[in-house]
Amino acid sequence: MSSSSAALDTSPLEAARRQNALALLLLLCTAFAFALRFVFSSELMNQVVAYTTEAGAFYEKLHFGTYAVLLLLPLALFGRPFILQGDEIGKFRALVRYSALLLVLVLFMFFTGRAGSSVLLIDTYLVAGAAGLVMLAQNPSARRLLGDVTLGLLILSAVIGIVEAVTQHRIMPYNAVELVFRPVGLSDHPLALGATCATAVGFVALTRWKVWIRVAAIAVLFIGAAASGARMALLVTVIEIFALILLVPWPRLTPRHQRQAKLAVLLVTLGGGAVLTAVMLAAGLLSRFTSTLFDENFFVRVSIYDVFNYVSWQQVMFGMDGTELVRIVQQKLHMPTIESAQVVLVLLFGLPVALLFAWLVIAMLWRMLRHAAPAAWIGVGATLAAALSNNTLSSKTPIVMMMIVLVLAYNSNGIKLAPASSSPRP
């Protein structure tokens, strides 16, 4: 009798231990999958498979991190029970709807002979929805830890970029030929390094790190954006920092004390920024910023719209082959790349499909940001502003996935719980 009672007493404890072990295993696997997608660059992928080259099979065009996240998704959703509360239920439904519609779009592109476009959708956008679902399948503390890991990787990338700029030697492989040396950190391109630095600044403000650590991290990210040579990203980062100071509320202070404190911090930031800018100028990190923004690179981004003079209205409405688009840009416009996500998406997908796709992404981001803290809105806005100035959003980059992970990691700050009568979702 006593032995059966002991078995009944220990079974709930064993079940709890099993659930905790599964939760820890899921957290570790998720951190590995996210890190693999965020820091294993395209150049590293090309050393293993034909990731960005014209040769190679379809399965080689997807990132290892994308495979890891997509394989992890069913384990996260069905491997153990999880509870969603309040607005998390709506976010979960929005991500399922986004992923399902995007999967339909992927299949449409694939079966209409545009496999390259379908790869872009999977590697940049579908994996972001999967990552969001994996995040929601974990408890708030695990999500926050994954956000901290993501920010740690972005800060590390900025540090590596600064070291590369100072030493004029890249740590990660990078085969593109450029007129001026620009670091890449752990990213695929100098512009991507600048964009990820801008992304991280807003979310660092949402961490629970000590104040001096957050200030130091933002300073490192600011220097990393400058070192990358991404002028738009640096401009956005500067505006982002001032927006964080002026627009984010400080709830522990009265309105009058809040205004006084913000004014003091603003003055200190202006003084510190001036000193830091002088140091970076002396170190040569701002060499690309000594001239006007309206230089050759700016006009390349404007002149790319001349490509519409060389395509038919059928291609504009129904899309065209990516190889043909690159040929027109290189032979007719004499440009090596297409520095415009808008042009690429319209001409690859066709205008109606491109508009549908844009609506899917914007609606999903808007839903993820519901009840989010102001700093999260600032971080996402800064990311989009930096990314839309080039072809980041039309390349196989993890920046959309980073935004989703970071928004969901720190969204518990402003989440509104439903009444107690609401049924939790397993």
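**Salt bridges, cavities and confidence in a predicted helical chain**

D87 forms a salt bridge with R367, with 3.1 Å between the closest N and O atoms; a salt bridge is a side-chain nitrogen of Lys or Arg within 4 Å of a carboxyl oxygen of Asp or Glu. D87 belongs to helix α4 (residues 87-111) and R367 to helix α15 (residues 351-368), so the pair ties together parts that are 280 residues apart in sequence. The structure is a predicted model, in which local features need pLDDT of at least 70 and side-chain atom pairs count only at pLDDT 80 or more, while totals for chains, interfaces and linings use all residues. Residues are numbered from 1 along each chain as its sequence is written, and side-chain values use heavy atoms, with hydrogens and water left out.

A second salt bridge of D87 is made with K91, at 2.3 Å from N to O. D87 and K91 are 4 residues apart in helix α4 and are therefore separated by about one helical turn. The relative accessible area is 7% for D87, 1% for K91 and 19% for R367. Each of D87, K91 and R367 thus counts as buried (under 20% relative accessible area; exposed is over 50% and partly exposed in between, with a 1.4 Å probe and protein chains only). Through shared partners, salt bridges join D87, K91, R367 and R370 into one network.

In total, the structure holds 6 salt bridges. One of them links R37 to D123, whose closest N and O atoms are 3.8 Å apart. Because R37 lies in helix α1 and D123 in helix α5 (residues 115-136), this pair ties together parts that are 86 residues apart in sequence. R37 is buried at a relative accessible area of 2%, and D123 is buried at 0%.

The secondary structure of the protein chain comprises 17 helices and 0 strands, taken as DSSP runs (helices H or I, at least four residues; strands E, at least two) numbered from the N terminus. Of the 426 residues in the chain, 49% are buried. Among contacts (heavy atoms within 4.5 Å) between residues at least 6 apart in sequence, 74% join residues at least 24 apart.

The model contains 2 cavities of 30 Å³ or more. On a 1 Å grid over the protein atoms alone, a cavity is a set of points where a 1.4 Å probe fits but cannot get out, and lining residues have an atom within 4 Å of a point. Grid points are joined across faces, edges and corners, and a volume is the space filled by probe spheres set on the points. The largest cavity has a volume of about 190 Å³. Its lining consists of 18 residues, with F38, S187, T196, P398 and M402 nearest the centre. Helices α1 (2-39), α6 (140-167), α7 (190-204) and α17 (399-409) each supply at least two lining residues. By class, the lining has 10 nonpolar, 6 polar and 2 charged residues (Ala, Val, Leu, Ile, Met, Phe, Trp, Tyr, Cys and Pro count as nonpolar, Asp, Glu, Lys and Arg as charged, and the others, Gly among them, as polar).

The mean pLDDT (the predictor's confidence in each residue, from 0 to 100) of the protein chain is 84, and 90% of the residues score at least 70. Confidence is lowest in helix α11 (residues 296-303), with a mean of 64, and highest in α17, with 95. Where pLDDT is low, predicted coordinates should not be read in detail.

Key
On a 1 Å grid over the protein atoms alone, a cavity is a set of points where a 1.4 Å probe fits but cannot get out, and a pocket is an open set with protein on both sides within 12 Å along at least five of seven lines; lining residues have an atom within 4 Å of a point.
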